[in-house]
Amino acid sequence: MAGHRHNDLELTQPKGVLLRRIFALAKPYRRYLLGGAAIGVFIAGLSLVQPWLLGAGLTAILGPLTSGVWDWPSVRPLVWYVVILVVVTAVLMGLRYGNQMLMVHLRMRILTDLRRRIYRKLLGQSFSYFDRQDTGQLINRTIGDVNMLRMFYTMFLVRGTEITLFIIAASAVIIWLDRYVALAALPFVPVYLVAMILFVKRIHPKFHDMRDELDRSTQILSENVQGVQVVRAFGREHEEAARYDVSIRGVLQRWLGLVRNFAVFQPCVFMLGGASLLATVAMTSYRALDGALAVGFIYTVFRWSAMLTMNMRQVARMTATLDHSLVSAERIFEILDARPDVHPPREPTPLPAGGGHVVFENVSFGYQPGVPVLRNMDLTIPAGTNVALVGATGSGKSTFIRLLPRFYDPDEGRILIDGVDIREVDLESLRSEIGFVFQDTFLFSASLAENIAFGVPEAERRAIERAAQRAQVDEFAAQFDEGYDTAVGERGISLSGGQRQRVAIARALLMDPRILILDDATASVDSSTERVIQDALADVMKDRTTFIIAHRISTVRRADLILVLEDGRVVQQGTHDELVERDGPYREFVTMQWQLGEDGAEDAG
Ligand SMILES: Nc1ncnc2c1ncn2[C@@H]1O[C@H](COP(=O)(O)OP(=O)(O)OP(=O)(O)O)[C@@H](O)[C@H]1O
Ligand SMILES: [Mg+2]
């Protein structure tokens with residue numbers, strides 16, 4: 001536990017570098033920051049003046065009070081002090097309000113800006129990045145760490161000026177006012193500061209620890225909500241509940257530990273502060289009775305001391321925030337600095353006109369270094385070919401098709417589409433020419449029509465409906481009261497697997513891509529639905545290069561070219577008729593299906 005915590009707070013970059021970058025981030029808001037700091041100067045000054053005016057007023061009222069003479073000359077100073085005090089208080093209130101508004105503005109801007117930058121960055125990241133990263137952590141970073149960092153700006157750059165100035169000015173004024181009083185009031189200041197910093201340093205990792213445990217319990221909870229079907233189906237309610245119990249109890253224990261720390265520390269500091277205030281007041285009173293100070297200053301000095309203590313507490317809190325802000329900043333920079341493995345070309349060319357002629361030249365690829373998944377692939381696929389990929393699970397079929405839109409780049413060799421190396425093609429242009437239908441189709445919380453138009457948001461309604469028709473979406477869309485305007489996804493109607501697939505096909509069709517890829521797209525539908533989809537597809541696939549990954553002979557046998565993959569290599573290629581003639585994995589695959597299911601038998605008949 002301790003080790004874990006320690007690592008969390010450790011920085012890999014030097015503090016100076018981080019700080020410089022944090023300031024650089026704030027550059028667009030320089031005016032806000034400077035404005036805030038400037039207001040801080042005035043706030044510090046006026047907060048110092050306020051108790052002095054009160055003290056002076058107090059002194060002024062004591063004259064008439066003791067003498068009983070209330071004529072104008074003896075009341076005049078009092079009246080003046082009161083008038084000035086009212087003005088100062090009003091101005092101070094105005095400044096505080098202005099500062100508050102400024103800070104809210106600043107925070108919102110920094111927050112929005114950073115989140116937007118992170119979001120953009122993530123969208124531009126290559127797939128290998130998401131393979132490595134934990135999604136939950138990424139989301140936490142865009143929310144939690146950005147929050148932490150924005151606190152840094154307002155706390156240090158805006159409030160920091162005010163606090164520092166006040167501490168310096170108040171100490172100086174007390175010394176200037178009376179050295180004996182300063183002797184009683186000021187030694188406590190550094191003692192208090194050191195005590196607070198030590199305490200905060202001790203308590204903060206504990207806080208951090210508690211938050212970690214809280215995160216963990218949240219994760220258990222969210223996993224169980226999302227995977228409730230699995231939990232129920234496997235009768236794991238008890239174990240999961242116990243796991244949650246342990247975690248939540250851990251949170252409670254850490255909480256209690258924190259409370260204990262506070263319970264011991266707070267009274268100590270309180271006593272220390274009380275003793276110091278007592279000494280200060282005693283000394284000030286003594287000096288006042290001595291005639292060295294006006295009586296009203298007893299109040300003034302008392303107030304200043306209290307304010308000094310308050311500001312010291314802020315400083316202590318800032319030192320703790322500093323550590324955490326730096327950690328947060330580092331994590332944010334890590335995201336912003338991550339260079340995508342798939343680089344967009346320096347001088348991008350649009351994909352030249354063509355029908356989707358695909359060439360693999362000695363292509364090798366692995367997700368991790370030293371673990372090849374595709375090995376030395378050499379293929380030429382003429383435009384308009386319908387290619388079927390077959391092979392055992394894990395043989396590299398999905399990996400193969402992921403290389404075409406450059407979700408990953410080959411480690412060796414190159415891929416050409418219509419005569420151009422895809423690494424030289426503008427990424428957007430490349431991807432807009434490749435349509436994808438995955439097995440699992442993600443639907444966004446939007447209308448059916450909007451989901452279909454995801455790749456082409458500017459598509460006309462008629463085009464959307466035509467694509468939907470060709471993908472047989474209209475069949476079930478007609479059943480909804482609102483037709484294509486029905487809300488689907490998380491916050492709408494849930495579609496069945498087959499229905500979702502048809503939406504995905506419509507989505508791909510609307511893009512009218514040169515190359516269409518279907519990865520196990522019909523795996524989760526029954527054979528009659530598959531036939532419906534197949535028919536829809538046959539029409540669509542006519543003049544496009546298509547790659548279909550399928551396990552059913554009925555789908556595979558229609559292809560112009562069948563590629564049989566084994567362990568990342570193409571071990572057989574040809575048409576169905578050619579391949580069944582030959583001894584080899586394809587014939588095994590066909591025979592197996594004949595024996596196993598009617599699917600194959602039906603088709604073969
Ligand atoms: N994102 C990834 N990161 C690391 N390894 C991966 C990743 N995706 C796939 N692999 C590995 O690459 C190999 C090929 O996987 P791939 O998904 O291409 O197989 P497949 O032929 O599509 O299998 P299936 O028929 O089960 O879909 C497997 O060993 C798999 O573990
Ligand atoms: Mg696959």
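Gly160 is partly exposed, because 19 other C-beta atoms lie within 10 Å; a residue counts as buried with 20 or more such atoms within 10 Å, exposed with 12 or fewer, and partly exposed in between, with C-beta atoms placed from the backbone. This is a predicted model, in which local features need pLDDT of at least 70, side-chain atom pairs count only at pLDDT 80 or more, and totals for chains, interfaces and linings use all residues. Residues are numbered from 1 along each chain as its sequence is written, and chains are lettered from A and ligands numbered from 1 in the order in which they are written.

Gly160 belongs to helix H6 (residues 135-177). Helices (H or I, at least four residues) and strands (E, at least two) are DSSP runs, numbered from the N terminus. With neighbours within four places in sequence left aside, Gly160 contacts Met155 and Met318, a contact being two C-beta atoms, placed from the backbone, within 7 Å. Asn311 is 151 residues from Gly160 in sequence, with 9.9 Å between their C-alpha atoms.

The protein chain has 22 helices and 12 strands. Its C-alpha trace spans about 125 × 50 × 50 Å along the principal axes. The radius of gyration is 36 Å, while a compact globule of 605 residues would have one near 25 Å; the value is taken over C-alpha atoms, and the globule rule is 2.2 Å times the number of residues to the power 0.38. Of the 605 residues, 30% count as buried.

The domain bounds below come from an automatic or database domain assignment.

| Domain | Residues |
|---|---|
| Domain 1 | 16-337 |
| Domain 2 | 358-433 + 514-604 |
| Domain 3 | 445-512 |

The centres of domain 1 and domain 3, over C-alpha atoms, are 52 Å apart.

The largest nonpolar core has 68 residues, and Ala388, Leu389 and Ile452 are among those with the most contacts inside it. Such a core is a set of buried Ala, Val, Leu, Ile, Met, Phe, Trp, Tyr and Cys residues joined through C-beta atoms within 7 Å. Helix H17 (residues 497-511) gives the most to this core, eight residues. Domain 2 and domain 3 both supply residues, so the core lies between them. A second, separate core of 25 residues includes Ala184, Ala185, Tyr192 and Leu293.

The residues around ligand 1 include Asp131, Tyr367, Val373 and Lys397, a residue being near when its C-beta atom, placed from the backbone, lies within 6 Å. Helix H12 (residues 397-402) provides the largest share of this shell, three residues.
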